[in-house]
Amino acid sequence: MVKNVAGYDLPKLGHRGFGTLGVITRACFACIRFPGTCARFSISAASAEEAQRFVLAIQDSKLAHSFLQSHFSDAAPPVSDILFEGTDAGLAAQEAQLRHLSAPASVREASKPTWTAREELWTFSEPASTAMAKINILPADMARTMS
C-alpha cells in the first residue's frame with residue numbers, strides 16, 4: 001500500500017549510518033480488511049449507446065466497484081458486468097444505487113464464471129476459423145468503436 005504522509009523518510013534518515021544506526025521505537029500500520037462478501041451484476045443494454053451511457057454514469061457516480069467490463073457481440077445485445085466488494089449493508093446500498101442508475105436497462109445477478117468467460121472462449125473456439133480480440137478503449141468512445 002502506498003501512502004504519502006508527512007514525517008521522516010527512513011531511508012534518508014539512516015543513509016549516513018550505512019544502515020547500522022537507528023532504532024525504531026514506534027511503528028503505525030494501516031490495515032485494510034479483506035472484503036467479506038461480493039455482489040456481481042450484469043446489465044443488459046438495448047444498444048451500444050445505452051451501454052456507453054451506463055458505463056459513463058457508473059464512472060460519474062460514487063459507486064465503489066472493483067471491476068467493470070462490457071461485452072459486445074453481433075449475436076446479442078451489449079452487456080456490462082460490475083463487481084462490488086464489501087459488507088452486506090454496503091453492498092445493499094451499492095445495488096440500490098446501481099439499479100437507480102441503470103433504470104431503463106435490466107439488472108440481474110451475474111454468476112461467478114462471468115469473470116472468467118474470456119479465458120473459457122479459447123477452449124470452445126476453433127482457432128483456425130475464429131477471431132477474438134480484447135480491446136481497451138475509453139468509455140466515451142464505446143458506442144463509436146462498437147458500431
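I began with contacts (heavy atoms within 4.5 Å). Residues 24 or more positions apart account for 72% of the contacts in the protein chain with a separation of 6 or more.

I noted the ground rules. This is a predicted model, where local features need pLDDT of at least 70, side-chain atom pairs count only at pLDDT 80 or more, and totals for chains, interfaces and linings use all residues. Residues are numbered from 1 along each chain as its sequence is written, and side-chain values use heavy atoms, with hydrogens and water left out.

Next I looked up the fold. I found five helices and four strands in the protein chain. Their order from the N terminus is α-β-α-β-β-α-β-α-α. Helices (H or I, at least four residues) and strands (E, at least two) are DSSP runs, numbered from the N terminus.

I then checked burial. Of 147 residues, 24% count as buried. Buried means under 20% relative accessible area, exposed over 50%, partly exposed in between (1.4 Å probe, protein chains only).

I turned to the largest nonpolar core, which has 16 residues. Such a core is a set of buried Ala, Val, Leu, Ile, Met, Phe, Trp, Tyr and Cys residues joined through side-chain atoms within 4.5 Å. Phe41, Ile43 and Phe54 are among those with the most contacts inside it. β1 (37-44), α2 (48-60), β3 (79-86) and α3 (88-101) each supply at least two of its residues. The largest share, four residues, comes from α2.

Last, I looked at His65, in strand β2 (residues 65-71). His65 is partly exposed, at 28% relative accessible area. Not counting residues up to four places away in sequence, His65 touches Ile58, Ile82, Leu83 and Phe84.
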